[in-house]
Amino acid sequence: MSKNPVHVIGGGLAGSEAAWQIAQAGVPVVLHEMRPVRGTDAHKTDGLAELVCSNSFRSDDAENNAVGLLHAEMRLAGSLIMSAGDANQVPAGGALAVDRDGFSDAVTAKIEAHPLITIQREEVPGLPPQDWDQAIIATGPLTAPSLAQSIAEATGADALAFFDAIAPIVHFDTIDMNTSWFQSRYDKVGPGGTGKDYINCPMDKEQYLAFVAALLEGQKTEFKQWEGTPYFDGCLPIEVMAERGVETLRYGPMKPMGLTNVHNPSVKAYAVVQLRQDNALGTLYNMVGFQTKLKHAEQVRIFRTIPGLENADFARLGGLHRNTYINSPTLLDPSLQLKSRPGLRFAGQITGCEGYVESAAIGLLAGRFAAAERLGQAPSLPPATTAFGALLNHITGGHIVSDDEPGKRSFQPMNVNFGLFPPVETPKAEGKRLRGKDKTVAKRHAITSRALADCRAWLGLPVRAEAAE
């Protein structure tokens, strides 16, 4: 039985998780990370698993939310990313948000301390050499151009690109709390939270319309060499959302529902800007949903028109970077292996999943598959009924090819969602057919209960009746 190392290229969330899973299986790993030898436009440190956009892992509700279910499955599978996230959480209503520096430090420390993991700080400029018979490319949305070109040449297909935007971060002590107030939407209490985990900045109709107009008129950063590349709908720049209609933001990140202004309870805000705690000290807050390609000076000018942020001091302004991913359903087999080259796998956002948690989950699976092959076993694929399986199936074959547009790629990045799961029979309450919201809730509970039971069985763990961990 060979114990040659598995090579993992990329020390982001997916690569770190893959390396951890391989090493925990008893197989040596060489983790190749190009920072600080070569930096990127978005990374600020050389730490592993650095979060370059939001600090949120989104909902932690394993009964009612698909990403919360994925959290639970990853915890069952011994995820490094989830354990580091749990250890460094900050209040965020019903979401799991983390102190980004503490999180990265925790992942880096665990990887560095593992006796079976070797970190090599170097750029891998092309595809892995043939003598790396088991390797994982987990270079994420910021894959170095030379490697991206090598991937395109090897697969015979151009890597697609889309823009990914970053939201600004504000120093807490510069927010006017005489105008703003603490409250989670609908007072929802999440992990480590109190139900008052967001800072809310209210706008009346006149202020909102003026703000939208300023967004549309503000100077934007142009990237002519990337023109024609699509945005991912889950991370649209705020000004692009505004272009879709004057009311779009009120039904998106600026929706006022579930919030009551403590300074003026009788008046309902027309729109609300929310800020979420970004570090454990509570000194930094990020503007939720405010990823942008506005020029820096324009961001300061326009965002200081938001009530409560008139004197805001920005620790980081928004930015924009390119994201690349491959046509996974065509190129990869069900175990994330490149069909044209056995032993070479892809993981993370480069496969066409979207989101921190999804990227780490695909890294977890790729690591387990590679470790199994190194140990002389066939990779064990997760059941399609699990969040793992639903996400994997989307990446490796869950898209629809359009007959009307031959050659047009229909595969697009996607977050995990209940639409990716196999149907489940809707439970009945005391023999009665459920309808409306009750039916939706019951169906979600049935999906999550089935998923966790099947995930436990796949992992060889005792099966429990509970719907969530």
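How many salt bridges does the structure hold? The structure holds ten. The model is a predicted one.

## Salt bridges across the chain

Arginine 58 and glutamate 358 join their side chains in a salt bridge, with 2.5 Å from N to O. The pair links distant parts of the chain. Arginine 58 belongs to strand β3, residues 56-59. Glutamate 358 belongs to helix α10, residues 356-374. Arginine 58 has a relative accessible area of 27%, so it counts as partly exposed. Glutamate 358 has a relative accessibility of 0%, so it counts as buried.

Helix α10 also holds arginine 374. The side chain of arginine 374 meets that of aspartate 133 in a salt bridge, at 2.9 Å from N to O. Aspartate 133 sits in the loop between β6 (117-121) and β7 (135-137), so this pair ties together parts 241 residues apart in sequence. Is arginine 374 buried or exposed? Arginine 374 is buried, because its relative accessibility is 5% and the limit for buried is under 20%. Aspartate 133 reaches 37%, so it is partly exposed.

## Arginine 250 and its two partners

Arginine 250 has a part in two kinds of contact. The first topic is charge pairing. Its side chain meets that of glutamate 247 in a salt bridge, 2.6 Å from N to O. The second topic is a ring. The charged end of arginine 250 sits over the ring of tyrosine 270, at 3.7 Å from the ring centre.

Arginine 250 is buried, with a relative accessible area of 14%. Glutamate 247 has 26% relative accessibility and counts as partly exposed.

## A network and another charge over a ring

A network of salt bridges links Glu33, Arg35 and Glu50.

Which ring lies under the charged end of arginine 368? That ring belongs to tryptophan 458. The distance to the ring centre is 5.9 Å.

## Aromatic pairs

A pair of aromatic rings is described by the distance of the centres and the angle of the planes. The model has eleven aromatic pairs. In one of them, the rings of phenylalanine 172 and phenylalanine 182 have centres 6.1 Å apart. Their planes stand at 40°, so the pair is tilted. Phenylalanine 172 lies in the loop between β9 (169-171) and β10 (181-182), while phenylalanine 182 lies in strand β10, so the pair ties together parts ten residues apart in sequence. Phenylalanine 172 is partly exposed, at 29% relative accessibility. Phenylalanine 182 is partly exposed as well, at 31%.

Phenylalanine 290 and phenylalanine 303 form an edge-to-face pair. The centres are 5.5 Å apart and the planes make 65°. Phenylalanine 290 lies in the loop between β13 (284-287) and α8 (296-303). Phenylalanine 303 lies in helix α8, and the two are 13 residues apart. Phenylalanine 290 and phenylalanine 303 are both buried. Elsewhere, Phe57, Phe103 and Tyr356 make up one aromatic cluster.

## The six-stranded sheet

Six strands form an open sheet with antiparallel pairing. The order is β10-β11-β12-β13-β9-β14. Why is one side of β10 and of β14 left without a neighbour in the sheet? Each stands at an edge and has a single partner strand, so one side of each has no neighbour in the sheet. Strand β14 covers 314-316.

Strands β11 (residues 198-203) and β12 (residues 271-277) run antiparallel and are joined by six bridges. Proline 202 has valine 272 in β12 as its bridge partner. Helix α6, residues 205-217, packs on the sheet and touches β11 and β12. The direction of helix α6 makes about 100° with that of β11.

## Proline 329

Proline 329 lies in helix α9, residues 328-331. Its relative accessibility is 10%, so proline 329 counts as buried.

What separates the C-alpha atoms of proline 329 and histidine 394? The separation is 8.0 Å. Along the chain, proline 329 and histidine 394 are 65 residues apart.

Methods:
Residues numbered from 1 in each chain as written. Predicted model: local features only at pLDDT ≥ 70, side-chain atom pairs only at ≥ 80, totals over all residues. Heavy atoms only, no water. Phe/Tyr/Trp six-rings, centres within 6.5 Å; stacked < 30°, edge-to-face > 60°. Helix = DSSP H or I, 4+ residues; strand = E, 2+ residues; numbered from the N terminus. Buried < 20%, exposed > 50% of the residue type's maximum accessible area, 1.4 Å probe, protein only. Lys NZ or Arg CZ within 6 Å of the ring centre and 35° of its normal. Salt bridge = Lys/Arg side-chain N within 4 Å of Asp/Glu carboxyl O. Pairing = 2+ DSSP bridges. Contact = heavy atoms within 4.5 Å. Axes fitted to C-alpha atoms, helices over the stretch in contact; angles between N-to-C directions.
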